[in-house]
Every structure is written in structure tokens, then in C-alpha cells.
Amino acid sequence: AVVSTQSTGNEKEDASGRVTSRLVFRSKAVMKVMLNTQIFADMFINRANLTTIRISALEAGRIGTFLLKCTRNECDRLHTALLKRRETEKQNQEPAEDSKTGSDAKNSTVDPEDAAVAQAVSS
């Protein structure tokens, strides 16, 4: 696999000004595209071993699990880059979620008993 952590045009700015990133994985011999997916905030990224990374990705509208195999050095760089991109996606989502919950919190009242039950359930 060919791994590049440099910006290669896989970052796009949408209409709202938010930058999104894509992961494009190609075979080494003929450069055939093996995976082309958007990096999203809830993406599962796990270092399976020294030379493989397990990720979740959107393909044909469904979430699938993929095992990416590469050299140890490529795997180190790719794993670090994916974690950084995922964190950026999470930060991009937080302002939108905060504005939603902020306006909902102002317009709603919470029964103290319901709050205690919700806290007990989540613990």
C-alpha cells in the first residue's frame, strides 16, 4: 500500500465552510483504488498489530470493517494521521451539537427525578 500523510487534495470544504477528509487506499503494484471513504467522527480506528489497522468505513451507503495492511512505518504514519483527522471531525461536530443542545436546554425544563434516573442509568 502507498501511504501519504501529506495533503494530497483529499480535503474538501463543504458549503458550510467545514473541511472534510477522505481516505484513499490503493494497491501498490497497479495503483488500483481499493478503498475510497470519507473520514467521519465515529470512525472506528484500531491498530490490530504492527502492520495492520482495522477501520470502519462507508461503502455503498453501509458501514463496513476493513483491515489495512502496510509496512510498519507506513502503519505508524497512517494510524497517527487517521486519529488526527478523526479528532478534527469530532471537533467540527461539537459546535453544531453544542448550539443544538444549548437552545434545547434554554427552552426545556428537566424534572429532578427524571435527571436522577437518567444519571443512575448512565452510571
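Author: Here is a walk through the cysteines, then a helix residue, then a hairpin. Keep in mind that this is a predicted model, so every value here is computed from it.

Let's start with the sulfurs. Searching the whole structure turns up zero disulfides. A disulfide needs the two sulfur atoms within 2.5 Å. Looking from the other end, Cys 75 likewise has Cys 70 as its closest partner, at 4.1 Å. Both residues are tucked away: Cys 70 is buried with a relative accessible area of 8%, and Cys 75 is buried at 0%.

Now to the helix. His 79 sits in helix α1, which covers residues 72-107. This histidine counts as buried because its relative accessibility is 16%, and the cut-off for buried is under 20%. What does His 79 touch, leaving aside neighbours within four places in sequence? Its contacts are Ile 45, Asn 46, Arg 47 and Ile 53.

Last, the hairpin. Strand β2 (residues 19-26) pairs with strand β3 (residues 33-38), running antiparallel over five bridges. Across that pairing, Arg 22 faces Gln 38 of β3. Six residues lie between the two strands, and in this hairpin Met 31 takes a positive phi near 60°.

How values were computed: Residues are numbered from 1 along each chain as its sequence is written. This is a predicted model: local features need pLDDT of at least 70, side-chain atom pairs count only at pLDDT 80 or more; totals for chains, interfaces and linings use all residues. Side-chain values use heavy atoms; hydrogens and water are left out. Buried means under 20% relative accessible area, exposed over 50%, partly exposed in between (1.4 Å probe, protein chains only). Two strands pair if DSSP finds at least two bridges between them. Helices (H or I, at least four residues) and strands (E, at least two) are DSSP runs, numbered from the N terminus. Contact means heavy atoms within 4.5 Å.
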